[in-house]
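Look over the sequence and the model below.

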Amino acid sequence: MKINVNFQKISSDNAMADYIDRRLCCAFSRLAHAVQSTVITVMDINGPKGGVDKLCRVVVKPVGLKSIVITERQADLKAAVNRSISRASQTLSRKLKRQKFFIKQRFVELHRDLQDDVNGFDQQLEVYHSR
């Protein structure tokens with residue numbers, strides 16, 4: 001999984017970048033096979049004025065699915081990072097389960113069609129042997 005961390009209007013801190021990297025690896029540990037790349041953008045919306053102005057945007061590009069974009073705005077930077085990564089992980093997990101369900105459902109339909117074809121062939125074979 002390729003990880004890209006961007007800081008905008010906020011000082012880039014190696015400790016924060018490491019924290020984001022660890023948090024991503026932990027949250028996507030069981031889903032890493034399905035993720036092509038992840039881009040995290042952290043920004044302070046209105047600078048040093050304070051308030052609920054820390055924004056974290058997570059863009060996850062899964063293999064074979066549309067991108068997942070999660071944006072979280074909090075007063076604390078770590079809270080915004082934690083919440084956005086958590087939501088992105090849950091969303092990806094839900095999408096993968098949904099995709100797996102539809103694939104399984106399609107497989108069952110194909111199996112039924114194949115079984116119907118086999119049964120029809122068996123009936124034709126019985127008619128042929130009874131002659």
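A residue counts as buried when its relative accessible area is under 20%, as exposed when it is over 50%, and as partly exposed in between. By that rule, buried residues make up 30% of the 131 residues in this protein. The model is a predicted one. Its exposed surface comes to about 8900 Å². Carbon and sulfur atoms supply 52% of that area.

Start with the fold. The protein has 2 helices and 4 strands. Along the sequence they follow the pattern β-α-β-β-β-α. Among contacts with a separation of 6 or more, 52% join residues 24 or more positions apart.

Now the sheet. The 4 strands form an open sheet in the order β1-β2-β3-β4, with mixed pairing. Its edge strands are β1 (2-8) and β4, and each of them pairs on one side only. From one strand to the next, the twist averages 10°. β1 and β2 pair in the parallel sense, over 7 bridges. Within this region, Asn4 stands opposite Val39 of β2. Helix α1 lies across β1 and β2 and runs at about 140° to β1.

The largest nonpolar core has 23 residues. Ile20, Phe28, Ile40, Val60, Ile85 and Leu92 touch the most other members. Two or more residues come from each of α1 (14-27), β2 (35-44), β3 (54-62), β4 (68-74) and α2 (77-130). The largest share, 7 residues, is from α2.

Val60 gives a view of the packing. Leaving out residues up to four places away in sequence, Val60 touches Phe28, Val35, Ser37, Thr38, Ser67, Ile68, Ala88 and Leu92.

Is Leu31 buried or exposed? Its relative accessible area is 5%, so Leu31 is buried. Beyond its neighbours within four places in sequence, Leu31 contacts Ser89, Leu92, Ser93 and Leu96. Leu31 and Ser89 are 58 residues apart along the chain, yet their C-alpha atoms are separated by 8.1 Å.

Finally, the charges. Side chains of opposite charge can pair when their charged atoms come close. How many salt bridges does the structure hold? There are 4.

Glu72 takes part in two of the contacts described here. With Arg83, the closest N and O atoms are 4.0 Å apart. Glu72 lies in strand β4 and Arg83 in helix α2, so this pair ties together parts that are 11 residues apart in sequence. With Arg87, the closest N and O atoms of the salt bridge are 2.7 Å apart. Arg87 is also in helix α2, and this pair links parts of the chain 15 residues apart. Glu72 is buried, because its relative accessible area is 10%. Arg83, at 44%, is partly exposed. Arg87, at 26%, is partly exposed too.

Another salt bridge joins Lys54 and Asp53, at 3.3 Å from N to O. Lys54 and Asp53 are both buried. Through salt bridges that share partners, Asp44, Asp53 and Lys54 form one network.

Notes
Residues are numbered from 1 along each chain as its sequence is written. This is a predicted model: local features need pLDDT of at least 70, side-chain atom pairs count only at pLDDT 80 or more; totals for chains, interfaces and linings use all residues. Side-chain values use heavy atoms; hydrogens and water are left out. A nonpolar core is a set of buried Ala, Val, Leu, Ile, Met, Phe, Trp, Tyr and Cys residues joined through side-chain atoms within 4.5 Å. Buried means under 20% relative accessible area, exposed over 50%, partly exposed in between (1.4 Å probe, protein chains only). Contact means heavy atoms within 4.5 Å. Accessible areas come from the Shrake-Rupley method with a 1.4 Å probe; for residues, only the protein chains shown count as cover. Two strands pair if DSSP finds at least two bridges between them. Axes are lines fitted to C-alpha atoms, for helices over the stretch in contact, and angles run from 0 to 180 degrees between N-to-C directions. A salt bridge is a side-chain nitrogen of Lys or Arg within 4 Å of a carboxyl oxygen of Asp or Glu.
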